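Please keep the sequence and the structure in view while reading.

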Amino acid sequence: MRIQHATRALALGLTAAAVAAPAAPAAPTSEISATQGLRKALTVEGVRAHQAAFQTHSDLNGGSRTGGSPGFEASAAYVKDKAQAAGYTVSDHFFEFLYNADRTPPTLRQESPATTEYVDGVDYASMTFSASVNQTTAPVWAIDLQLPQAPGPGATTSGCETGDFAGMPVGSIALLQRGTCSFAVKSANARNARAVAAVIFNDGGDAGRRGVINGTLGGTGNGAALGASLAVGQDLANGIANGDTGSVATVRIDRVEEVRTTRNIIAETPGGDPNNVVVVGAHLDSVPRGGGINDNGSGSAGILEIAEVLAAREIAPRNKIRFMWYSAEEFGLLGSRAYVNDLSATERSKIKAMLNFDMIGSPNYVRFVYDGDNSAFPVGPSAAAGPGGSGEIERIFHDYFRSQNLASAETPFSGRSDYGPFIAVGIAAGGLFTGAEGVKTAAEAAVYGGTAGQPYDPCYHLRCDDYDNVNVQGLHEMSDAAGHAVLTVARRNLAKNPLVNPTGPVSGSGATTSGGGGLHADDDHDEILE
């Protein structure tokens, strides 16, 4: 992507210098050169202008662009107007969903042995689908904790068995530690033991499991729960690991729950083979807490800029491109799920690829590519199988980065972004990601720059995810790569040359860690988190 003007200092003081990747086989020269004109026309200023608009929509509507809200509708109208002006065939895909969010900010305060005010969104957060609780002061009862922290991820079973709550006085605040079973199980067990609420704190099993938990109970009826940081949990425990009162605290949770109607925005190229469709998707909504300018104003703005440049240059792809901006992703991929579920079997069969762009400007970024061939992340609890052809999409991205002397690494198909409903029905998918609440390793910092030991996005799902919460250089690199992949797949003769995985493993040239970027590991997307 051409940067027309000097950019301001990058978030977190990161360097804008690209890190050269180790030597590796290059992509076919023709594949890279074929997208050079598009990439030259793309500008990071164009992407940033769309992000600035999204920030305005948030600012004018209570600081949020959550699905079904006025802030979201302003962004949806903006995208729709831009796509129509560019000449796309634009439509709305409406659906209903259960909206559940804070009506007013929750309260968590320690009353004894000391008075400590905790900060909403920094120290704790109410969980999606939590029940409401009137302001209540009660003893905090420790439930099978490992203090000062668990020795590894998932090492504690705190609150997973009903017997853990034996002896807890009715009306207590149950203090639970993350691990082994879902937040829903822990909270429901606390509710059944007649706790007034559950506070589930991070286990500290690794560097990425210490901050506030932005969690979900997966659905209604599982009690009242707050997610908290490791430090808050240690504080409230007051040295008591099990079966006793560590402290006294005040809690209050005020949630609204209602059925809302929202919409996905769909913009199709007028031409292109309608029997060979390439879906290019990004979710447009934010979490209720903030404006979501990286998550996912970055991907949404990036694909809008690609769409506008494709139209302006009058590039006629061989296959039909279907740009999609999803709503209610933050409530469980609801927009993409509704879209895929509403397709007939015939219409599904026409979609040959789904390219997903969710968070492509993280401040402390890594160039992550979805591991479509499962060579870095074998199929298991945290990695879904990439349908046939997903490895070829992965290759296109990695080869592009090599051609630019940029390192790239793999991230798993964790099922926690909008590719999930597509791969579930066998559609090849791929995409880019720059990291969420996961912590950058020393090996990654050595290759990509940035700060080891810090989250890829320190404002993930927080109010500070605003216009300044973006690494402009990372956004520039990833938007260029996105444009290259979109045009490469859209120009391919998929009828004669379908997407098929390469014979050998596909990989990038940078450090790949076991976590793969920590995509949405503690957020509202996953109903079975531990």
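Ser414 sits in the loop that runs between β13 (409–411) and α11 (420–424); helices (H or I, at least four residues) and strands (E, at least two) are DSSP runs, numbered from the N terminus. Residues are numbered from 1 along each chain as its sequence is written, and side-chain values use heavy atoms, with hydrogens and water left out. Because the model is predicted, local features need pLDDT of at least 70 and side-chain atom pairs pLDDT 80 or more, while totals for chains, interfaces and linings use all residues.

Ser414 counts as buried because its relative accessibility is 18%; buried means under 20% relative accessible area, exposed over 50%, and partly exposed in between (1.4 Å probe, protein chains only). A polar atom of the Ser414 side chain lies 3.5 Å from the backbone nitrogen of Arg416. Gly205 is 209 residues from Ser414 along the chain, and their C-alpha atoms are separated by 20 Å.

Asn296 belongs to another loop, between β9 (273–283) and α7 (297–312). With 0% relative accessibility, Asn296 counts as buried. A polar atom of its side chain lies 2.7 Å from the backbone nitrogen of Met359.

Asn471 caps the N-terminal end of α13, with a side-chain oxygen 3.1 Å from the backbone nitrogen of Gln473. The 20 residues of α13 should span 28 Å at 1.5 Å a residue, and the end C-alpha atoms are 29 Å apart, which agrees; the expected span is 1.5 Å times one less than the number of residues. Of these 20 residues, 19 are buried, so α13 is largely enclosed by the rest of the structure.

The largest nonpolar core has 58 residues, of which Leu310, Phe323, Trp325, Phe357 and Leu432 touch the most other members. Its largest share, 10 residues, comes from helix α13 (residues 472–491). A nonpolar core is a set of buried Ala, Val, Leu, Ile, Met, Phe, Trp, Tyr and Cys residues joined through side-chain atoms within 4.5 Å. A second, separate core of 27 residues includes Met354, Val366, Ala407 and Phe422.

The second largest pocket is lined by 33 residues, with Asp102, Val287, Pro288, Arg289 and Arg463 nearest its centre. A pocket here is an open set of points on a 1 Å grid over the protein atoms alone, where a 1.4 Å probe fits, with protein on both sides within 12 Å along at least five of seven lines; lining residues have an atom within 4 Å of a point. β1 gives the most to this lining, with eight residues.

Notes. A polar contact is a pair of N or O atoms within 3.5 Å; within protein, one must be able to donate a hydrogen and the other to accept it, and residues adjacent in sequence count only if both atoms are side-chain atoms.
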